Amino acid sequence: MESYIQFTNQSQGRDRILRATQYACALARYMLRNDPSRKDILMKLQSLQSSMSSGRKLFRLGNTVNSVDAAKRTLLLSDPILRFCLTVSNLSRALYFICDNVLWARSLGLVRDINKERWSLNATRYYFVSLVMNLTRDVYLMAQLMVQRSRDRQYKHKVHQHLNESTDVACVVVPQLDAFVFLLIECLKGNPAVALDTVKNVCDLFIPLDRLGVYQTSEGVVGFCGLLSSLLGILSVLKPHLKIKP
């Protein structure tokens, strides 16, 4: 099991490169959509985007096992909130990958008697639940960091000095709000892994929200958010210390 998981985990970096290319094509298509002289380029971008999507589906074939194994490990966490969020997230990702694999098999003609739109919608729902759980984990970790930081004597002196020296109207009218923002920024600076994961999950959230019709934007917004999220994901692979734990 361990050797299999290590083998399939090696595809994460390649998947994120393909994902970045896929959403970069979507963003480029949106930006060039009104230029009639770029029809050939638009067709090539669409073809490349489809190829990247198909390639990613192939790389994700073993991810269901990884997600189930990750859910088993998160069940052992001592913190009940982290245990709940991460276990639900991993199980939702496993269901998402199952739907994704079935859709991939249908595109190859291996499976025919299924409702493509229904399976695609279910996959998006599972993906959405996974992202919501990940964001909940991010907010929970940030709240813990803020509580710990607020109890630090050095920080109390620093925020007091900041409020006294600041001339902003917000500091005078709503000092508690300014102190909260100052605390949040200080925690994000000291914990870049949490900040990066939060931004990445917020960007990813726009994708299922658009597909589910909850908050429809445009192909350009989805392409930009997907591209930014992919680049942050690549960064977390290149810099392991920027990968959030647990």
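**Ground rules.** The model is predicted: local features need pLDDT of at least 70, side-chain atom pairs count only at pLDDT 80 or more, and totals for chains, interfaces and linings use all residues. Numbering starts from 1 along each chain as its sequence is written, and side-chain values use heavy atoms, with hydrogens and water left out.

**Helix pair.** I looked up α5 (residues 80-107) and α6 (residues 116-150); they pack at about 155°, axes 8 Å apart. Helices here are DSSP runs (H or I, at least four residues), numbered from the N terminus. Axes are lines fitted to C-alpha atoms over the stretch in contact, and angles run from 0 to 180 degrees between N-to-C directions. That angle makes α5 roughly antiparallel to α6 (the label applies over 145 degrees). Their crossing is left-handed (near helix turned anticlockwise from the far one by less than a right angle).

**Rings.** I searched the whole structure and found 3 aromatic pairs (ring centres within 6.5 Å). Y96, F97 and Y127 make up one aromatic cluster. I also noted R33 over the face of Y30, 3.9 Å from the ring centre (the criterion for Arg is CZ within 6 Å of the centre and within 35 degrees of the ring normal).

**Salt bridges.** I count 10 in the structure (Lys or Arg side-chain nitrogen within 4 Å of an Asp or Glu carboxyl oxygen). One of them joins D100 and R60 at 2.9 Å, N to O. This pair links distant parts of the chain, 40 residues apart: D100 sits in α5, R60 in the loop between α3 (39-59) and α4 (63-74).

Conventions. Helices (H or I, at least four residues) and strands (E, at least two) are DSSP runs, numbered from the N terminus. Angles under 35 degrees count as roughly parallel, over 145 as roughly antiparallel, 65 to 115 as roughly perpendicular and the rest as oblique. Rings of Phe, Tyr and Trp (its six-membered ring) pair if their centres lie within 6.5 Å; planes under 30 degrees apart count as stacked, over 60 as edge-to-face and the rest as tilted.
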